[in-house]
Amino acid sequence: MSRTGALYGLSLRLHVAQDDYFDTQDVAGFKVLLHNWYEPPMIEEYGFALRPGSETYVRIRLQKYKDTPRPLGYCDPYLEQQFSEGYTISKCVMQHRAKFMLQKCGCISFYMNLEGQNPQICNLKQERTCAEKVLEDIALGVLKIDNVTIPDPDCPSPCVYTTYTYTISQSEYPSSSVKDKVVEEVNKQKGTTASEEDGSWSIERIRDNYLKVHIYFEELSTLEMERHPSYLISNLIGDVGGQLGLLLGMNICSLVQFSDYLIRVSFFKGFMKIVRYYKAKKQAKKRAFSND
């Protein structure tokens, strides 16, 4: 990828084929998810929708994050070593679901996998009667195995990971100015003509079944974000040591001043005692002389 813009990205015209939908499907269109190749797609949770009769522009940007290991951060490098092709939160969640689905149903859904295992894939009956119920119970937090409620998975963020942020804009497809051309093109592809009453593709039918999407990079630069603890133990020790040093210095000064005060007072008291002693001795000599 050397250029940006819709002309240098991925452009698709997609056929929704609403005529083939089951009666249970209440929405039409596609769901799209941008993710890394090693990350299992969780389209139902994180995908965005494309509706028929629209032309969608998806501008994407690449972002890289680097986290700090626990307990100062949120990532767990020891947990990441258990995954062979890169650890992500969605992969951890998917492993959690597959693990308990295997215990409950004896199989896992076709889009799941378990590290180091080769479990059986659920057939259509198992998918409908058991697997879907397990996923629903996990989402609601009410799944029980051996009368024990299964907690939510502990899936910390990766220490280093890449994400794709996107911005979406939409417009009507096809526009009124080219609708006749699109009708002719679609009918030519389908082997029909617009004049046929049955099987022809009118502009209304095309807008109910076709859409266009353009996915491209908004810019070639990459935003890198790194998380660091703002206050480490070393900072705490330094601050405490500085405060203790300040207080200790003040205490030493106070001790010297107090010692000087004691010395001065003791010296003064001792000097006064000597003075009183010699005064008393002198007075005693005077009294003895006067008596003689």
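Let's start with Ala139, which sits in helix H4. Helices here are DSSP runs of H or I with at least four residues, strands are runs of E with at least two, and both are numbered from the N terminus. Ala139 counts as exposed, because its relative accessibility is 66%. On that scale, buried means under 20% relative accessible area, exposed means over 50%, and partly exposed lies in between, with a 1.4 Å probe and protein chains only. Ala139 and Phe48 are 91 residues apart in sequence, and their C-alpha atoms are 20 Å apart in space.

A word on the model. It is predicted, so local features need pLDDT of at least 70 and side-chain atom pairs count only at pLDDT 80 or more, while totals for chains, interfaces and linings use all residues. Residues are numbered from 1 along each chain as its sequence is written, and side-chain values use heavy atoms, with hydrogens and water left out.

Back to H4, residues 124-140, and its partner H3, residues 89-105. The two pack at an angle of about 130°, with axes 10 Å apart. That makes H3 oblique to H4. The cut-offs: under 35 degrees is roughly parallel, over 145 roughly antiparallel, 65 to 115 roughly perpendicular, and the rest oblique. Axes are lines fitted to C-alpha atoms, for helices over the stretch in contact, and angles run from 0 to 180 degrees between N-to-C directions.

Which residues meet? From H3, they are His96, Arg97, Met101, Lys104 and Cys105. From H4, they are Gln126, Cys130, Ala131, Val134, Leu135 and Ile138. Contact means heavy atoms within 4.5 Å. The residues of this contact divide into seven nonpolar, two polar and two charged.

Now the loop between H3 and H4, where we find Ser109. Is Ser109 buried or exposed? Buried, with a relative accessible area of 0%. Leaving aside neighbours within four places in sequence, Ser109 is in contact with Met101, Ile121, Cys122, Glu127 and Ala131. Ser109 and Glu132 are 23 residues apart along the chain, and their C-alpha atoms are separated by 9.0 Å.

Next, the sheet. Four strands form an open sheet, in the order S1-S8-S4-S7, with mixed pairing. Two strands pair if DSSP finds at least two bridges between them. The edge strands are S1 (10-15) and S7 (160-172), each pairing on one side only. The twist averages 25° from one strand to the next.

Take S4, residues 54-66. With S7, S4 pairs in the antiparallel sense over 13 bridges. Ser54 has Glu172 of S7 as its bridge partner, and Glu55 has Ser171. With S8, S4 pairs in the parallel sense over eleven bridges. There, Ile60 is partnered by Phe217. Helix H5 (179-190) lies across S1 and S8 (210-226), running at about 70° to S1.

Last, some backbone details. Tyr173 and Pro174 are joined by a cis peptide bond, with omega about -15°. Pro174 lies in the loop between S7 and H5. Another loop runs between S5 (144-145) and S6 (148-149), and Asp146 lies in it. Asp146 is not a glycine, yet its phi is positive, about 55°. Asn147 is in the loop between S5 and S6 too, with a positive phi of about 60°. Asp146 is exposed, with a relative accessible area of 70%. Asn147 counts as exposed at 76%.

Definitions and conventions
Nonpolar A, V, L, I, M, F, W, Y, C, P; charged D, E, K, R; others polar.
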